[in-house]
Amino acid sequence: MLEVLLLCVGFGWLANISISVYAHRALAHRAVALHPAPAHVFRFLIFLTTGTRVRAWVAVHRKHHAYVDREGDPHSPVVHGIAAIFFAGYRYYFRESTNATTLQRFGHDCPDDWIERNLYEGRSNLGLALLAAIYIGLLGPGLGLLGFVSQLMWMPLCAGVINGLGHHAGYRNHETRDSSRNVTPLALVIAGEELHNNHHRFPRSAKFSTRWWEFDVGWAVIRTLAAFGLARELYVYDRKWRPGAPLPAVRPVEAAPLEVAGG
């Protein structure tokens with residue numbers, strides 16, 4: 001059973017980091033530009049561990065920001081209730097991810113190359129089939145299937161925590177027009193996404209932590225990539241900015257030059 005737990009946490013962490021750094025910060029908010037190498041690694045990991053169509057995820061998330069905590073928000077506990085979003089939030093996401101109008105309006109500037117159209121998006125379930133084969137190959141049929149089924153529950157659970165509790169319970173560093181909350185200042189597995197109030201206050205910031213005692217794992221990954229010349233155009237919350245001061249409240253920070261990822 002320990003092997004099952006370790007694999008689930010490992011693959012789950014990779015899923016969360018890939019969604020957070022690539023789909024969320026790099027694509028949805030353009031808070032960082034990634035080199036093609038890590039960009040494609042993240043794309044593959046999302047395909048493998050979640051079966052998520054990146055353009056759909058980006059579109060739904062952008063719509064969430066456009067209509068946050070009011071009618072039109074795809075997964076707000078203020079609109080739909082905390083129980084519905086915490087326990088069945090993935091159903092709300094999936095329903096919105098098949099909305100053609102949402103994809104057309106909010107899904108722009110996402111990968112649209114051959115591999116995206118014909119594999120990552122066109123045959124997204126193949127990634128999960130490969131993941132199932134990996135589990136069974138490593139653990140055998142019994143524990144392997146148990147691990148794979150547990151893995152399928154990972155993203156819905158994380159979505160319930162972030163989209164549900166992230167707008168229902170926790171602390172607030174910043175006054176916003178929504179009910180966003182920081183669930184915890186330290187959650188290594190959720191990749192920094194638990195700092196939800198910070199993100200809603202400064203959505204283009206690639207760094208979600210705004211207090212010295214908060215730790216953002218996704219930002220640590222981005223800074224590591226930048227140190228090796230694999231990320232640039234990092235936008236961060238400006239510590240010198242104060243409420244009432246002129247915007248913008250994010251600023252670019254220096255990073256090594258690179259070619260911007262096309263996908």
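In this predicted model, the span of residues 78-94 is 94% helix and 0% strand. Its end C-alpha atoms lie 19 Å apart. The span of residues 126-149 is 96% helix and 0% strand. There, the end C-alpha atoms are separated by 15 Å. Both spans carry the feature "transmembrane region" in UniProt, where the entry is unreviewed.

Helix α5 covers residues 82-97 and contains Glu-96. The relative accessible area of Glu-96 is 11%; a value under 20% counts as buried, so Glu-96 is buried. Residues up to four places away in sequence aside, Glu-96 touches Val-60, Lys-63, Pro-74 and Thr-102.

Helix α9 spans residues 141-152, and helix α10 spans residues 154-164. Their axes come within 4 Å and cross at roughly 30°. Angles under 35 degrees count as roughly parallel, and therefore α9 and α10 are described as roughly parallel to each other. On the α9 side, the contact is made by Ser-150, Gln-151 and Leu-152. On the α10 side, Trp-154, Met-155 and Pro-156 take part. By class, this contact has four nonpolar and two polar residues.

Gly-164 and Ala-83 are 81 residues apart along the chain, yet their C-alpha atoms are separated by 8.0 Å. Neighbours within four places in sequence aside, Gly-164 is in contact with Pro-77, Ile-82, Ile-85 and Ala-159.

Nonpolar residues were then examined as cores. The largest nonpolar core has 39 residues. Within this core, Tyr-22, Val-32, Leu-34 and Phe-42 touch the most other members. Several elements give two or more residues to the core: helices α1 (2-28), α2 (36-49), α3 (54-66), α6 (100-106), α10 and α12, together with strand β3 (234-237). Helix α1 gives the most, with nine residues. A second, separate core has 11 residues. Among its members are Leu-7, Cys-8, Leu-139 and Phe-148.

Some loop residues are buried as well. Ser-209 lies in the loop between α11 (196-201) and α12 (217-227). Its relative accessibility is 6%, so Ser-209 counts as buried. Not counting residues up to four places away in sequence, Ser-209 touches Leu-195, Asn-198, Glu-214, Phe-215 and Asp-216.

Asp-69 lies in the loop between α3 and α4 (77-80). The phi angle of Asp-69 is near 60°, a positive value in a residue other than glycine. With a relative accessible area of 13%, Asp-69 is buried. Ala-191 sits in the loop between α10 and α11. Its phi angle is near 70°, again a positive value in a residue other than glycine. Ala-191 has 0% relative accessibility and therefore counts as buried.

Notes
Residues numbered from 1 in each chain as written. Predicted model: local features only at pLDDT ≥ 70, side-chain atom pairs only at ≥ 80, totals over all residues. Heavy atoms only, no water. Axes fitted to C-alpha atoms, helices over the stretch in contact; angles between N-to-C directions. Parallel < 35°, antiparallel > 145°, perpendicular 65-115°, else oblique. Contact = heavy atoms within 4.5 Å. Nonpolar A, V, L, I, M, F, W, Y, C, P; charged D, E, K, R; others polar. UniProt positions renumbered as here; feature names shortened; annotations may be inferred. Buried < 20%, exposed > 50% of the residue type's maximum accessible area, 1.4 Å probe, protein only. Core = buried A, V, L, I, M, F, W, Y, C linked by side-chain atoms within 4.5 Å.
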